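I begin with a single side chain and then turn to ring pairs, charges over rings and the surface.

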Amino acid sequence: QRDGFGAYAALCHFNDAGARIGCTETTLITGTQDWVLAEGAGPVPTGTRSSRIGLIFHGHGVAYYDNLRIERTVPPMNTATGKGADFLELDPLQISAFDAGYPLRHAVAAEADPNQFLMPRDLRLTGPFEGWAAMGMLGEAWYCTCADKARWTPLLRATDRFGRYQGALGAVMHHYGGPYEGSIWAFFGVDNADLFSPKYPAMAQAFIELVQSMQSKTFLHQSRSDLACYRDGETVHLSVKVTNGGTQTRDLSVHVELLSVEGDATVFEHRAAVRLDPANTVPIACTWAPGVFPHDLYRIQVTLYEGDKPIDRESTNGFVVWKPATFAPLPKLSLVDNVWHRGERPLFMIGAQQFWSSLSMRNSSPLVIAEDFRTMRDMGVGLSRSFMMWALRPEQEERRFRDMMVYLAQKYGVVMFYEGIGD
């Protein structure tokens, strides 16, 4: 080979209309070499009607191919491995629990998460605990445009000796979409202790309650407001979905609350009764029109009851109210002689990639983004690089999402660098 990208093979997949819907390529072979093994692996997309092999040489020279083979393989069970690209591309069937980059560190105690009702809420454990935080991937593989397929709820919160959160010892994922729709996973990442041994007697009863809760398959998901940012005088439209994946009809009640994040005061409540048949999902909706919003950041908290017993809660979403006074006190950012200045003071900024999945309710939640910016401020990280090129929502919803990002960056004193905003 004298020039060009090199030699490779490609297996491309086509649908009924003959359009290419996927392609897997081998590694590139370049230069002058003896026989070299070139391999590639990838999924066969849903809707594939036919596939074709291409032997491709880009450049000038001669390329020889021999012993071409196509083998059907079983994807890895978990997400420890995948196809390396801009990110780790995964097969939808891989079990997306745990992350090699999120070990438990300095965890000396654990307590039940207060926003779950699957285990006793007064549960306390003494460590130390090692292993892996019980996190899960909620969406599909594509990192900016993936929608949630599951809801993640921490069960046990690990803390260090200062009481700081170190990750979840255990968690549960309720799947309401994707290939595992209808399944519920509970998983624990501790590998230096058996949490269900006699050393932790409270966990025996907790295990029974957890299994009973999972068997009911009745849970909340996708609680949201119609916009991420409001102005005074506008109406907030709230919604949540309730799923009964079990085998019995359930008589339930849904309690929707709006809480001010700073002060945790309840400013709005709505209750709705619902009789839910097996294998059924129903939406619950309500509105709030306060005229003038008393606060600028709100949490949507939804609790599900069976009789007088709370059985589930979702409280990970919220919204922002635009308060012009927030923009008054902060000095402007400027570039003087190639040095950033905040007001008259020179400024050296350390930044981070603040990243979310645009169609993920949890990752793009204003509460999550507010916590990110608040933590960045507290750690002295003052610059956020944020992708904004994908306009995936209806226009009004998309504009208010970006308003929310701008407002929270200003509220917490983080400089936002918009990446690829396009139109």
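Does Trp-288 count as buried or exposed, and at what relative accessibility? I noted that the model is a predicted one. I found that Trp-288 has 10% relative accessibility and therefore counts as buried, since buried means under 20%.

Entry on ring pairs. I counted 15 aromatic pairs. In one of them, the ring centres of Phe-129 and Tyr-200 are 6.2 Å apart and the planes stand at 40°, so I recorded this pair as tilted. Phe-129 belongs to strand E7 (residues 124-132), while Tyr-200 is in the loop between strand E10 (184-188) and helix H1 (202-216); the pair therefore ties together parts 71 residues apart in sequence. Both Phe-129 and Tyr-200 are buried.

I then looked up Trp-288 and Tyr-298. Their ring centres are 5.6 Å apart with planes at 70°, so the pair is edge-to-face. Trp-288 lies in strand E16 (residues 280-288) and Tyr-298 in strand E17 (residues 297-306), so this pair ties together parts 10 residues apart in sequence. Tyr-298 is buried, at a relative accessible area of 0%.

Entry on charges over rings. I found Arg-52 over the face of Phe-14, 4.2 Å from the ring centre. The charged end of Arg-157 sits over the ring of Tyr-165, 4.2 Å from its centre.

Entry on the surface. I noted a nonpolar patch formed by Ile-53, Leu-55, Tyr-65, Leu-68 and Ile-70, with about 480 Å² of accessible area together. Leu-68 is in the loop between strand E3 (50-58) and strand E4 (83-84), and its 51% relative accessibility makes Leu-68 count as exposed.

Methods
Residues numbered from 1 in each chain as written. Predicted model: local features only at pLDDT ≥ 70, side-chain atom pairs only at ≥ 80, totals over all residues. Heavy atoms only, no water. Patch = residues over 30% accessible without salt bridge, like charges linked within 9 Å, V, L, I, M, F, W, Y side chains within 5 Å. Areas by Shrake-Rupley, 256 points an atom, 1.4 Å probe, with all protein chains shown as cover. Salt bridge = Lys/Arg side-chain N within 4 Å of Asp/Glu carboxyl O. Helix = DSSP H or I, 4+ residues; strand = E, 2+ residues; numbered from the N terminus. Buried < 20%, exposed > 50% of the residue type's maximum accessible area, 1.4 Å probe, protein only. Phe/Tyr/Trp six-rings, centres within 6.5 Å; stacked < 30°, edge-to-face > 60°. Lys NZ or Arg CZ within 6 Å of the ring centre and 35° of its normal.
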